[in-house]
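The sequence and the structure come first.

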Amino acid sequence: MSIAFFIAYLFNRSRRARKQIEDKRVAELVDVVLDTLRNREIQHHTDPVLAPTPYVSSLGLRDQVMHGESMYPAKKERLWERVESIVEGNVNVRTNIDEVAGGQETRVWQWVGGA
């Protein structure tokens, strides 16, 4: 009986440690995404040739910020869903469906807060 409790304790401890690591990575990704959106808005107004739109595709941004992540696709997707939830809940970000290059409609994020 005590062996089962010990194994359960180790399992819970391991799970909490993984959750803390994942929480930290989500916070880092949210910071990167918000900085990128803020910079894109500024760049669009200072050089509209370089940044023709003030918004960024959420999927394109995901691919950009998570290109070096070496993890299982399901874990990557779960991580990105948490990032999306936080970013879309931010009052400085507007979420829309818009047409991107190639004529495809996708979810886009635009910074609407102050610089």
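## Terms and model

Two strands pair if DSSP finds at least two bridges between them. Helices (H or I, at least four residues) and strands (E, at least two) are DSSP runs, numbered from the N terminus.

This is a predicted model, in which local features need pLDDT of at least 70 and side-chain atom pairs count only at pLDDT 80 or more, while totals for chains, interfaces and linings use all residues. Residues are numbered from 1 along each chain as its sequence is written, and side-chain values use heavy atoms, without hydrogens and water.

## The sheet

Three strands form an open sheet in the order S1-S3-S2, with antiparallel pairing. Strands S1 (55–57) and S2 (93–99) are at the edges with a single partner strand each, so one side of each has no neighbour in the sheet.

S1 and S3 (residues 105–111) run antiparallel and are joined by three bridges. Val56 has Trp109 in S3 as its bridge partner.

## Helices on the sheet

Helix H2 (residues 58–65) packs on the sheet and touches S1 and S3 (contact means heavy atoms within 4.5 Å). The direction of H2 makes about 70° with that of S1; angles run from 0 to 180 degrees between N-to-C directions, and axes are lines fitted to C-alpha atoms, for helices over the stretch in contact. H3 lies across S2 and S3, at about 50° to S3.

## H1 and H3

Helix H1 (residues 2–46) packs against helix H3 (residues 73–88) at an angle of about 55°, with the axes 9 Å apart. Among the residues in contact are Leu29 and Val33 in H1, and Leu79 and Val83 in H3.
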